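Here are some brief notes on the fold of one chain and on how its partner meets it. Please read them with the structure open.

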Amino acid sequence: MSWRRIRTVVRRHLSVMWRSPHRFFDVSVWPLLDVLLWGTLGTFVASESASSKASVAYLLAGICMFHVLYQMQIALATGFMEESTWSRNLLNVLTTPVTEAEYLAGIGLLGLLKLCVSLLTLVVSAFVFFRFNLGSVGWGLVPVSAVLLVCGWAIGFFVIGLILRYGASAEVLAWGIQFVLMALSGVFNPITSIPAALRPIARVLPTTHAFAALRAVVAGDPLPWHDIVVGSIGAFVCAGAAAFYALRMLKVFRERGFITRFS
Amino acid sequence: MLLTPRLVFGPDALSARRGDGRYRVERLASSNQTDLFVGPLLDARGLVKAFKGVRAVDAIDLRVNTGERVGLLGPNGAGKTTTLLMLLGAITPDAGEIEILGHRLPQQRSAAMGIVGFAAGYLRLPDRLKVSEALRLFAGLYGVDDERAAVADGLERFGIAHLGDKLCEQLSSGQRTLVGITKAILHRPRLLVLDEPTASLDPDVALRVRDRLLDVCAAEGTTLLVTSHDMREVTMLCDRVVFLAGGRIVADGAPTDIAESFGHDDLEGVFLQLAGRALSEADEL
């Protein structure tokens, strides 16, 4: 692994972001709008029922942690799409000494940087508009974030594999797949409130366990380590499977000469 | 300065021992030292590639020695680009082996690509970057020590210093080709692979590019492997020509020798003969 090549990949994507202000929407405008939307909904629900006073905290903590998943996934997927389907620069990159691992490390590092900026936006706007302090939830956020981070990598690897195999037509999943998880993982609510037919799917998702642990710590309960352990195992299994899938698709990509789709 | 000869051992020497007797000691003028590399710079053996049952490349053996300037020619569908993409590790051959300076593909792709430069007339560049930024990016990926100096030198060399502050997406196809070639030589590669490098250039610019490429090859001992449909260009650039037809090598030698062996005055006649044959074979199918 060459640290210099990893830094060069990060620098490449930062330069593109700098020159394309709309790319900052992911880390500034959308997080701000999410806080406004879910914070407003929580405030309304709380005003309607005295027993729902905590809804603002559940909704805002949920959306803040959902962005951990979203930012990692979207950074990996759009980092790869920038090179492949948007700039059609993939052949140039493939014919340099940069390795697959270095490239993924570069866009993964970029994802962490984007995550820091978007979390700052979320935390500040939640406090300014709704007096919600995410830090007050405590250190329990750290293992929850870690599980969601790994889940974000897993989805990112999976989307990269799909783009390698199916080309630009797989792009739609890059934007939509996390909303499937949002609906099934109980980001804001226990999974007992989702339709019964979908609950078996929800139970096996590592993200469900991460958000269950989040709700517990937001309620002031001790961190449910069982959920964290199950979520962690599930997240690493998914990330391993997704990485294997992406590498397998890269092999197919090279065998079938799909590079011509991107040049 | 007194130049000290240095023998290359390790995988390079091993590859030489596996050879067929055609290998010879090479003098690499690109190094501060006079490197003595035993073996061909590029050694591809038995390359086969089929797409949906159709053989695009059919058992090609291609050895290129250091300092050679080789033209890969053939009509459309002859397998030129597929061969190049396999040599660059972008397409995996169904069968065969590829070594570049002893680095075997795909296992040692990263090391091999460090000594190869590639440009193609059809290749795009990172759209939202300025030309100088894009070139510095590639210089970084190739591990060039002084990125800024290498980029300035490269742009100057091809007379496009004025394009440094332009966005890549604003370049004409000809300008993009020139920037692409500049990118390919930033790290002073030992092997320069060019696919249709002057296809979109005006004749005067194409002439300038050929002159610069010859300068680069002469000054740095760069080995050249180029595909083109312009036979005049190939005659000017290359000291050896490999003709492909139907995925096979049908002729390999000096341009004048090949023209003579096919009973033509120049390569144009050979090309037309092979293209006509390929068309009639396609009609029969």
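1. Contact, as used here, holds between two residues whose C-beta atoms, placed from the backbone, lie within 7 Å. The model is predicted: local features need pLDDT of at least 70, side-chain atom pairs count only at pLDDT 80 or more, and totals for chains, interfaces and linings use all residues. Residues are numbered from 1 along each chain as its sequence is written, while chains are lettered from A and ligands numbered from 1 in the order in which they are written.

2. On that criterion, 25 residues of chain A are in contact with 27 residues of chain B. The chain B side draws at least two residues from each of helix 2 (80-87), helix 3 (109-113), strand 9 (116-120) and helix 4 (131-141). Helix 4 of chain B contributes the most, with 5 residues. Helices (H or I, at least four residues) and strands (E, at least two) are DSSP runs, numbered from the N terminus.

3. Chain A has 10 helices and 0 strands. Its radius of gyration, taken over C-alpha atoms, is 19 Å, close to the 18 Å given for 263 residues by the globule rule, so chain A is as compact as a globular protein of that length. That rule is 2.2 Å times the number of residues to the power 0.38. The C-alpha trace of chain A spans about 60 × 40 × 30 Å along its principal axes.

4. Among the contacts in chain A with a separation of 6 or more, 75% join residues 24 or more positions apart.
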